[in-house]
Amino acid sequence: MKRLRLSFIALSVFCCASAWAEKKLTNEQILGSLLFQDANLSWNRNQSCSSCHTLTPIAKMGKPFNRVPGFVDPGNVKNGTAVSTGSFVERHGILNAPSAGYAAYSPLFHWDDSEGLYVGGQFWNGRATNLTGQAKQPFLNPVEMAMPNKWSVVSRLRENQVYRKLFRDIYAIDLTAVDFYPKPPSEPVKNPAAVENIYHHLAKAIGEFEKTRSSINSMLNSIALLPGKPLSRQSRKKVSTCLTMSTKAIALLVISVRREKT
Ligand code: HEC
């Protein structure tokens, strides 16, 4: 019983410590957070990453108290729809927006012998290797944020003096070194190397931010995601059984403490 109580206390300390750690963001993560939530980075200035991967819990349609964790498309949850609309609202993709809350834990896309299947990567089909590679795509996707090219995205960054300061402080990058993107989009990219460099760091900052927003809300997942080799299907089953038992034990402990007190 004493051991159980100790592990219960250790678990609470661990949870509090992780909650505290989550609040202390680096400047790069703060930049990533601003970028993740900035609708100006879509063509009609009406859609950000968080439009489809919200950061706050949302209520299900007709069930205001039945809230689901953030990181999915709130529009889909509220309306019961399967796919997201884009910056051009008449356009939509063909796949459902997954939670971005677990994305930081996805290993590189690879064949897993013990599972007998491909695992890892970003997107449903693993086509982006990591978070930076993933974050480069939605801006330019015509059914998502619909920006015509990287130069136009960089030009939107340049408009914002907070970004100008943060890019200078964090990456020693001068956003004003790149010209504003002209309309109509006919001219060739001026200074393509600088555009590429800024675009890369834009995606990197978002990836760094996403690492702080993991919504690991089950004990099994917390254990499975500890550093080291991923758990095999068999071990996951074993851990799951043990966890069910210890959950019951904790419940019994709480009941017995309550009885003692009354
Ligand atoms: C219009 C809605 C929409 C917008 C805007 C959007 N996404 Fe997504 N996101 C999706 C959909 C749909 C998928 C799945 C697409 C696929 O697998 O091909 C996805 C996949 C992802 C994934 C992969 C998660 C996984 O587990 O594989 C991540 C991470 C992600 N998006 C982050 C972002 C970031 C960062 C931005 C902003 C730069 C963004 N998304 C903008 C809809 C959106």
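1. The shell around the ligand holds 14 nonpolar, 9 polar and 1 charged residues. The classes here are as follows: Ala, Val, Leu, Ile, Met, Phe, Trp, Tyr, Cys and Pro count as nonpolar, Asp, Glu, Lys and Arg as charged, and the others, Gly among them, as polar. Please keep in mind that this is a predicted model, in which local features need pLDDT of at least 70 and side-chain atom pairs count only at pLDDT 80 or more, while totals for chains, interfaces and linings use all residues. Residues are numbered from 1 along each chain as its sequence is written.

2. Still with the ligand, 24 residues surround it, and the closest are Cys-49, Cys-52, Phe-123, Trp-124 and Pro-138. Helix H3 (49–52) and helix H5 (131–135) are the elements that give two or more residues to this shell. H3 provides the largest share, 3 residues. A residue is taken as near a molecule or strand if its C-beta atom, placed from the backbone, lies within 6 Å of it.

3. Now to the overall fold. The chain has 10 helices and 4 strands, and from the N terminus on its elements run α-α-α-β-β-α-β-β-α-α-α-α-α-α. These are DSSP runs, numbered from the N terminus: helices are H or I with at least four residues, strands are E with at least two.

4. Of the 262 residues in the chain, 24% are buried. The cut-offs use C-beta atoms placed from the backbone: a residue is buried if 20 or more other C-beta atoms lie within 10 Å of its own, exposed if 12 or fewer, and partly exposed in between. Among contacts in the chain with a separation of 6 or more, 50% are between residues 24 or more positions apart. A contact means that the C-beta atoms of two residues, again placed from the backbone, lie within 7 Å.

5. Helix H2 (residues 27–36) is worth a look. Leu-31, Gly-32, Ser-33, Leu-35 and Phe-36 are its buried residues, and what covers them includes H3, H7 and H8. Ile-30, also in helix H2, counts as partly exposed because it has 17 C-beta neighbours inside 10 Å. Between Ile-30 and Glu-208 there are 178 residues of sequence separation, yet the C-alpha atoms are 9.1 Å apart in space.

6. Next, the pairing of H2 with H7. The angle between them is about 150 degrees and their axes are 10 Å apart, so H2 is roughly antiparallel to H7. On the conventions, axes are lines fitted to C-alpha atoms, for helices over the stretch in contact, and angles run from 0 to 180 degrees between N-to-C directions. Angles under 35 degrees count as roughly parallel, over 145 as roughly antiparallel, 65 to 115 as roughly perpendicular and the rest as oblique.

7. The crossing of H2 and H7 is left-handed, a term used if the near helix is turned anticlockwise from the far one by less than a right angle, with right-handed for clockwise. On the H2 side, Asn-27, Glu-28, Leu-31 and Leu-34 meet Val-162, Leu-166, Asp-169 and Ile-170 of H7. By class, this contact divides into 5 nonpolar, 1 polar and 2 charged residues.

8. A second pair to inspect is helix H6 (residues 150–158) with H8, packed at an angle of about 70 degrees with axes 9 Å apart. H6 and H8 are therefore roughly perpendicular to each other, and their crossing is left-handed. Lys-150, Trp-151, Val-153, Val-154 and Leu-157 in H6 meet Val-195, Glu-196, Ile-198, Tyr-199 and Leu-202 in H8. That contact has 8 nonpolar, no polar and 2 charged residues.

9. Leu-202, placed in helix H8, counts as buried because it has 27 C-beta neighbours inside 10 Å. Leaving aside neighbours within four places in sequence, Leu-202 is in contact with Leu-35 and Leu-157.

10. Finally, two backbone angles to check by eye. Most residues other than glycine have a negative phi. Ala-172 has a positive phi, near 55 degrees, and so does Asn-191, also near 55 degrees. Ala-172 lies in the loop between helix H7 (161–171) and helix H8 (192–212), and Asn-191 is found in the loop between H7 and H8 too. Ala-172 counts as exposed because it has 7 C-beta neighbours inside 10 Å, whereas Asn-191, with 14, counts as partly exposed.
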